[in-house]
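Subject: Structure handover

Hi,

Here is the structure for you to look over. My notes come after it.

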Amino acid sequence: MALTRRKLAGFSALTLASFVASQAATPAHAEWHPFATTATKSEGFSHWLSDITLTGLIDGGIMANPARPTDGYNYGNFFADHANQAQLNQVVLTLQKANTGDASEYQVGFTLQGIYGSDSRYYHLVGISDQEWNARYQLIPAQAHVDVHLPWATDGGLDMQVGILQAPMGVEVMDPTARPFYTLAYTSQYSVPFEHVGAMFNWHVNKTVDVTFGIDTGNQVTFGSSDNNSRPAGYFGINLNNLLGGKLKIVELSRVGPENPTSTVAGYGYTGRVSNQAERFWNDINATLQVNNRLSVTAEFNYLHDQGTRTPYGSNGPLKSADAWSVVTFLSYVVSPSVTFNYRGELYRDNNNLMVTTFTGDNSYMNAIAGRGYTTYPNGGQASDRGTIYGELTLGINYHPDLGKHVRVFALRPEIRFDRSLNNTHVFNDGRNNGMFTFGGDAMIGF
């Protein structure tokens, strides 16, 4: 199912600019209503069809590494993992019926989204798409869910999504138009889940408080033999909206459930049954303050603890569980209507060197999720008992001019990024360095 190298190079050339990256691109106005001719003034099925939209997006980029690592990887980076190589990250088609009506009414919508590109390697679901491709560019059903609004209990009612869902935790997301940079923070790659099959609920208690909860089969797994254990996981959290006169929003979301394949825990002398009892605890809280019309700042704190992923050595003795915490700060400043400056700074503590790694091979990440054999470039060969404190600083510009009604979004996003091990472990550039400098970015265009 793989394209030829020549075809891929030609396709990528049509979608990439030289160096590009940073802040969330502001969607414009173009979108296609494929059933617009059925629109009527009635409230029947034809009116419902008329609100369905089809949108598309192409995103590609490159991150150059002057150190030229011999393994070809930018360590600790998913979307721009191949050093000095242009990548077609995403070709996206989204068919959607959004629920935008009055909160006092029952509403039914849906989202269907397919993504092809190099990013898809990290967002598969075991048992649905993870075994279909063996190349850098892969295809996934990124979203396929029914959306229902129920006007129950409160004026805001209850929103429900059921199906294939993108995980709601964290600041940065897969959609490049909804995040500030081409590359992702360590937190967004190693300490939040990616995809689920399940149900999520958002109860709008009042104008200030939303309560979030949900249940699913696990992070990037499905049912039966395609679940790496046989237990569900779930979310619970709260949103605080419209604080400080609408300038401040706080989102807290926690998740608990077993996430490890049987082989992971059995490898250290545990029975397979333990994989169903070894819980992973994910916790993320972030706050965004709109200081004024130009400046906004965001702070995120994340803590993850996994009872099942263990190492024979640990900072507190043998067979200690995986444990990581992080702090990420973002700043966005609107220079002009078409130019935004962005900053991201992060501290990420991987206490047992069990979280951060580079998956070498196009299917290694998903093989690790499923409990199959996989290959990684582990933390520069460092001993597990030391742990690693990662520091990351990224600066970028988002150039997003309005190209007219037929172009929903266009952006060039150049960025420069500095990564460093703050406790002097040599984890970058084939284990030669305690730091890494990369520069580049991405370009995107969508209707």
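Below is what I found, starting with the ground rules.

This is a predicted model: local features need pLDDT of at least 70, side-chain atom pairs count only at pLDDT 80 or more, and totals for chains, interfaces and linings use all residues. Residues are numbered from 1 along each chain as its sequence is written, and side-chain values use heavy atoms, with hydrogens and water left out.

**Overview**

The chain has five helices and 18 strands. Both are DSSP runs numbered from the N terminus: helices are H or I with at least four residues, strands E with at least two. Of its 447 residues, 51% are buried. Buried means under 20% relative accessible area, exposed over 50%, and partly exposed in between (1.4 Å probe, protein chains only). Take the contacts (heavy atoms within 4.5 Å) between residues at least 6 apart in sequence: 66% of them join residues at least 24 apart. The accessible surface of the chain is about 19,100 Å², with 61% of that on carbon and sulfur atoms. Areas come from the Shrake-Rupley method with a 1.4 Å probe; for residues, only the protein chains shown count as cover.

**Cores**

In soluble globular proteins, nonpolar side chains tend to be buried together. A nonpolar core here is a set of buried Ala, Val, Leu, Ile, Met, Phe, Trp, Tyr and Cys residues joined through side-chain atoms within 4.5 Å. The largest one has 43 residues. Phe 78, Tyr 348, Tyr 365 and Tyr 390 touch the most other members. Elements that each supply at least two residues include strand 4 (138-150), helix 3 (186-190), strand 12 (320-336) and helix 5 (364-370). Helix 5 gives the most, with four residues.

What does Tyr 348 contact, leaving aside neighbours within four places in sequence? The list includes Tyr 186, Thr 187, Tyr 190, Ala 324, Trp 325, Met 355, Val 356 and Tyr 390. There is also a second, separate core of five residues, among them Leu 150, Leu 158, Ala 199 and Phe 201.

**Surface patch**

Ile 285, Phe 301, Tyr 303, Trp 325, Val 327, Leu 347 and Leu 422 form a nonpolar surface patch with about 560 Å² of accessible area together. Patch residues have over 30% relative accessible area and no salt bridge; like charges are joined within 9 Å, nonpolar side chains (Val, Leu, Ile, Met, Phe, Trp, Tyr) within 5 Å. Strand 11 (295-311) and strand 12 each supply at least two of the residues. Val 327 sits in strand 12. Its relative accessible area is 34%, so Val 327 counts as partly exposed.

**Salt bridges**

The structure holds 11 salt bridges. Each is a side-chain nitrogen of Lys or Arg within 4 Å of a carboxyl oxygen of Asp or Glu.

- Asp 130 and Arg 372 pair up, with the closest N and O atoms 2.7 Å apart. They are 242 residues apart: Asp 130 is in the loop between strand 3 (107-117) and strand 4, Arg 372 in the loop between helix 5 and strand 15 (376-378). Asp 130 is buried at 5% relative accessible area. Arg 372 is partly exposed at 30%.
- Glu 172 and Arg 344 meet at 2.6 Å, N to O. Glu 172 lies in the loop between strand 5 (158-166) and helix 3, and Arg 344 in strand 13 (339-350), so the pair ties together parts 172 residues apart in sequence. Both are buried.
- Asp 216 and Arg 255 bridge at 2.7 Å between the closest N and O atoms. Asp 216 is in strand 7 (209-216) and Arg 255 in strand 9, 39 residues apart. Asp 216 and Arg 255 are both buried.

**Two single residues**

Thr 394 lies in strand 16 (388-399). It is buried, at 0% relative accessibility. Its side chain makes a 2.4 Å polar contact with that of Glu 392. A polar contact is a pair of N or O atoms within 3.5 Å; within protein, one must be able to donate a hydrogen and the other to accept it, and residues adjacent in sequence count only if both atoms are side-chain atoms.

Lys 249 is in strand 9 (248-258). It is partly exposed, at 39%. The C-alpha atoms of Lys 249 and Leu 289 are separated by 6.7 Å, at 40 residues apart along the chain.

Best wishes
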